[in-house]
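Have the structure open and follow along.

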Amino acid sequence: MTVTETDPPAESAAVPWGRVGALVGGQAVVQLGSFALLIAMNWTAVQLGGAGAVTLLMLAATVPRALMLVFGGALADVLGPRFVLLRTTSARAALLAFGAVVTATTQQLWPLVAIALLEGVLLGMAGPASGTLLPRFARGDQLARANSAYATVLRVAPVLGAPAGAWLITVGELWVAMLAAAATGVVWLGCLLFITRGFTRPARQAGGRSLLRRSGDGFRLLARYPRLRWMFVASLCLDMAFSWPVEVALPLLVHERGWGVGAVAMVLAAFSLGALASSALGAAFAHRIPVFFRLVVTGAGLAAGITMMALMGSPGSLTAVAAGVGLMSGFNGPAIVTLYQQAAPEGRMGAAMSTLALAGIGAAPLSIALFSSLSLVLGVEETWLLCGAVAAVSPVAAILALRARPSAGVPGGPPAGGDGTGSPGPAPSVKDSSEALAAPSVAASDDDGRDGVPPEAGSGRPVPTAPAPAGDPADAAGREPPRGGAPHPSGEPVALPT
């Protein structure tokens, strides 16, 4: 029996928590190394060229990554997450190891810029593929728990990674931090070998479109699927509303009110601890908390909290509100990712996750540019209140998303040809949106030659696969149907929205 790249687990199947744990643990390690490297590279850039050097370095890291996210979604859908992740992760570890050698022998800015640019390309290609993994192992409320556990890792990584990077650059040099980041990449690669063991590449489609043309599929999905579109809006509005207040306005507001820089650190720490606590609670109890609360109620609370932060008259009250905002953020972010993954159509998870990742990465510079310009006219406090109004759009969009009927081709949606959006949806087979060509069920084997269903670590249980649909020639034991059947796709997680 083969685990294809397009086989999701049955809704009632046991979650392979061993693989989920390896995914979350591997991400914890690699994210820690990434944040440590970020601090070390920025500090080195300051020493080499001041603020201009840091700006150049950040542009080199973020612009290629944002551009490659769109292309990475098409890669994940066409080649499968195992193919993409093993190669990009290996290339990144090799790049950082080589970068450690280069930076140990030179004290110039250009190697840092080149490394940041290439790393951004690799991370952008890998992002959507990594975002398709969790839905492959968990469904429904269990997916919400898995995403909360993943969110906890994302909250902890900068808290621990930033001081680790400062320590590495203090006791050694940049090459030490770069070598450490390469080592964490090797750990993540080992986790991926276990996590994706038994995956095979999706079957090739006759007459399929080129990767370049498929790069726009994520935006086509937003136009076609109302639930996906409204969840995208909910995520984008929160990210837009939160980026400028935290990164720009908070220090300005604290300075205007004469509270001292310690207030900034106190507010950010309170927010981080609140988000970390609620993410950890979600990992244990998300399946017992109604989605309306995790998505809509917390979204409304975030909008109210962002607004209140601009009006607080003391550092203590501002810190208390920030902690509450963090608590709601820890529930809301994983809920947005979970519903977005569940709304993605079969076989297009990579394209869908690329747009969600782009919303998070692209919102920060857009928010800073837009609201910084407005603050010159309106003032800091008034612009902050405007951000609260933008955040209030998120729970409204979430309500519209929950009310939208799942479309055909989406797990839980009507059969193909049903009226999910007012027009026929795609069949639940792997196919282009523009072509009615069902993909064969016998997937091309990945280059490692593994065909068998891997047992779950320590349990001996096989990784669950979807039950055969009515009329499918697959037998009750779950064996793969003969050529001509239609495989069912799957997907994985991304950087969480605020």
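A salt bridge here is a side-chain nitrogen of Lys or Arg within 4 Å of a carboxyl oxygen of Asp or Glu. This is a predicted model, in which local features need pLDDT of at least 70 and side-chain atom pairs count only at pLDDT 80 or more, while totals for chains, interfaces and linings use all residues. Residues are numbered from 1 along each chain as its sequence is written, and side-chain values use heavy atoms, with hydrogens and water left out.

**Salt bridges**

Side chains of opposite charge can pair when their charged atoms come close.

| Salt bridge | Closest N and O atoms |
|---|---|
| Glutamate 119 and arginine 92 | 2.8 Å |
| Arginine 348 and aspartate 217 | 3.1 Å |
| Glutamate 381 and arginine 257 | 2.9 Å |

Take the pair of glutamate 119 and arginine 92, whose closest N and O atoms are 2.8 Å apart. This pair links distant parts of the chain, 27 residues apart: glutamate 119 is in helix 3 (residues 110-130) and arginine 92 in helix 2 (residues 81-105). Helices are DSSP runs of H or I with at least four residues, numbered from the N terminus.

Are these two residues buried or exposed? Buried means under 20% relative accessible area, exposed over 50%, and partly exposed in between, using a 1.4 Å probe and protein chains only. Glutamate 119 has a relative accessible area of 11%, so it is buried. Arginine 92 also counts as buried, because its relative accessibility is 6%.

Next come arginine 348 and aspartate 217, which form a salt bridge. Arginine 348 lies in the loop between helix 12 and helix 13 (349-378), and aspartate 217 in helix 8 (residues 217-224), so the pair ties together parts that are 131 residues apart in sequence. Both arginine 348 and aspartate 217 are buried.

Glutamate 381 is partly exposed at 28% relative accessibility, and arginine 257 is partly exposed at 26%. Salt bridges that share partners also join Asp217, Arg220 and Arg348 into one network.

**Helix packing**

Helix 1 (residues 17-79) packs against helix 2 at an angle of about 160°, with their axes 10 Å apart. Axes are lines fitted to C-alpha atoms, for helices over the stretch in contact, and angles run from 0 to 180 degrees between N-to-C directions. Helix 1 and helix 2 are therefore roughly antiparallel, a term for angles over 145 degrees. Which residues of helix 2 make the contact with helix 1? They are Pro81, Phe83, Val84, Arg92 and Leu96, meeting Val30, Ser34, Leu37, Leu75, Ala76 and Leu79 of helix 1. Contact means heavy atoms within 4.5 Å.

**One buried alanine**

Finally, find alanine 322 in helix 12 (residues 315-343). Its relative accessibility is 1%, so alanine 322 counts as buried. Leaving out residues up to four places away in sequence, alanine 322 touches Val267, Ala270, Phe271 and Met309. Alanine 322 and valine 267 are 55 residues apart in sequence, and their C-alpha atoms are 6.0 Å apart in space.

Key
Helix = DSSP H or I, 4+ residues; strand = E, 2+ residues; numbered from the N terminus. Parallel < 35°, antiparallel > 145°, perpendicular 65-115°, else oblique.
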